[in-house]
Amino acid sequence: MAAPTYAFEKQIAIAAVRRACILTASVFNTLVKAETLTKDDSSPVTVGDYSAQAVVNTILNRAFPDDPIVGEEDAADLRVESGFALRDRIVQLANDTLTAELVPGEKEEWGLGPTHGRTTDQLLDAIDRGNHQGGRTGRMWTLDPIDGTKGFLRGEQYAVCLALIVDSRVELGVMGCPNLPVSAASPAGERGCIFVAVRGQGAVEKAHAKLSFNDRVGQILGVTRAPTRMDSQAKYCSLARGDGAVYLRMPTGTGYKEKIWDHAPGAVLVEEAGGIISDGRGQPLDFGLGRTLGENFGVVAAGKDVHAKVIAAVQQARAEEEAQSQQ
């Protein structure tokens with residue numbers, strides 16, 4: 001039996017991410033700071049998060065009504081009176097995006113175009129479709145509507161990240177990076193990239209880390225060039241196209257668990273570009289544990305020729321850190 005190509009899923013995902021990128025770029029250009037809420041983890045959440053999730057989930061629901069979605073946001077804050085002003089802005093932005101004219105590669109039956117506006121309740125319900133708890137079996141999508149919110153607010157790097165997981169394995173990843181230079185050699189030149197990877201088909205380009213630990217790993221490896229600090233999964237995109245050699249993300253303390261939507265699309269992108277991604281112990285990332293990666297110790301992504309060396313350096317740095325803590 002031939003392996004699935006996920007051709008239709010890829011079409012839908014690209015259309016959803018492209019529209020969400022246009023929306024988020026528009027939100028940044030007209031950003032009103034009073035529209036920002038606060039998450040439990042104190043990272044900023046903007047109106048762009050909610051409206052982009054409403055758009056992507058609406059498109060996914062139209063194309064794949066039986067597929068659950070593991071998303072970052074829910075609409076609880078928008079259903080109470082204190083959130084009504086924000087809610088109305090989100091409804092306007094989402095409908096402006098969904099009803100924009102079709103472009104090549106899009107179809108009206110996907111729920112796009114001038115006649116496909118949604119009601120407030122429909123859009124809030126679409127946001128809440130991202131409440132799936134994940135699991136070991138079946139199809140599910142993961143979505144981070146604005147990964148790298150701090151970078152977004154600074155006008156720097158962020159990404160719209162969408163992935164399809166089937167039976168715990170990431171099969172498709174699409175990431176839109178509105179502010180990423182088309183060429184790393186021309187950082188002031190044209191910006192805006194979409195990266196797409198389907199398992200078995202290759203990859204195409206259409207500040208949570210513990211930085212002191214990362215610096216020590218670089219010293220062990222003999223790296224003399226200063227590391228590039230970048231928000232969001234745009235790091236995976238840069239790595240996949242050869243702008244860097246290693247992506248290292250180590251936990252800042254005990255108890256933190258990585259969210260699957262923060263790494264699913266980046267994982268398949270790196271692998272399909274010929275790299276290896278694992279936790280800091282060299283173990284594969286497990287996307288079947290629910291909404292998090294469980295007890296994975298950090299994330300390491302690198303080319304096949306250097307990944308094992310990076311893992312060894314991580315282990316050495318970790319041993320040194322533990323020895324110092326016992327002194």
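Here are some questions and answers on a predicted model of a single chain.

Q: How many helices and strands are there in the chain?
A: Since this is a predicted model, everything here is computed from its atoms. Along the 327 residues, buried positions make up 50%. The count of secondary structure elements in the chain is nine helices and eleven strands.

Q: What share of the accessible surface belongs to carbon and sulfur atoms?
A: Start with the total for the chain, which is about 14,900 Å² of accessible surface. The part of that surface on carbon and sulfur atoms is 51%.

Q: Is the pair of phenylalanine 28 and phenylalanine 152 stacked or edge-to-face?
A: A search of the whole structure turns up six aromatic pairs, and this is one of them. The ring centres of phenylalanine 28 and phenylalanine 152 sit 6.0 Å apart, with the planes at 65°. Planes over 60 degrees apart count as edge-to-face. Because 65° is over that cut-off, the phenylalanine 28 and phenylalanine 152 pair is edge-to-face.

Q: Which helices does the pair of phenylalanine 28 and phenylalanine 152 link?
A: This pair joins distant parts of the chain, as its two residues are 124 residues apart. Phenylalanine 28 belongs to residues 7–29 and phenylalanine 152 to residues 149–154. Those stretches are helix H1 and helix H5.

Q: Which residue lies over the face of phenylalanine 64?
A: Phenylalanine 64 is part of a cluster, with ring pairs linking Phe8, Phe64, Trp110 and Trp141. A charged side chain also lies over its face, at 5.4 Å from the ring centre. That residue is arginine 139.

Q: How far from the ring centre of phenylalanine 297 is arginine 318?
A: Here's another arginine over a ring: arginine 318 lies over the face of phenylalanine 297. Its separation from the ring centre is 4.2 Å.

Q: What is the handedness of the crossing of H1 and H3?
A: The axes of H1 and H3 come within 10 Å and cross at roughly 135°. H1 and H3 are therefore oblique to each other. As for handedness, the crossing of H1 and H3 is right-handed.

Q: How far apart in space are isoleucine 127 and valine 56, C-alpha to C-alpha?
A: Isoleucine 127 is found in helix H4 (residues 120–128). With a relative accessible area of 0%, isoleucine 127 is buried. In sequence, isoleucine 127 and valine 56 are 71 residues apart. In space, C-alpha to C-alpha, they are separated by 8.9 Å.

Q: What distance separates the C-alpha atoms of glycine 280 and valine 300?
A: Glycine 280 sits in the loop between strand S10 (275–278) and strand S11 (299–303). Its relative accessibility is 0%, so glycine 280 counts as buried. Along the chain, glycine 280 and valine 300 are 20 residues apart, yet the distance between their C-alpha atoms is 5.9 Å.

Q: What is the phi of aspartate 167?
A: Most residues other than glycine have a negative phi. Aspartate 167, in the loop between strand S5 (159–166) and strand S6 (169–181), has a positive value. The phi of aspartate 167 is near 50°.

Q: Is serine 168 buried or exposed?
A: Serine 168 is also in the loop between S5 and S6, and it has a positive phi of about 75°. Aspartate 167 is partly exposed at 49%. The relative accessible area of serine 168 is 14%, so serine 168 is buried.

Definitions and conventions: Residues numbered from 1 in each chain as written. Predicted model: local features only at pLDDT ≥ 70, side-chain atom pairs only at ≥ 80, totals over all residues. Heavy atoms only, no water. Helix = DSSP H or I, 4+ residues; strand = E, 2+ residues; numbered from the N terminus. Buried < 20%, exposed > 50% of the residue type's maximum accessible area, 1.4 Å probe, protein only. Areas by Shrake-Rupley, 256 points an atom, 1.4 Å probe, with all protein chains shown as cover. Phe/Tyr/Trp six-rings, centres within 6.5 Å; stacked < 30°, edge-to-face > 60°. Lys NZ or Arg CZ within 6 Å of the ring centre and 35° of its normal. Axes fitted to C-alpha atoms, helices over the stretch in contact; angles between N-to-C directions. Parallel < 35°, antiparallel > 145°, perpendicular 65-115°, else oblique. Left-handed = near helix turned anticlockwise from the far one by under 90°.
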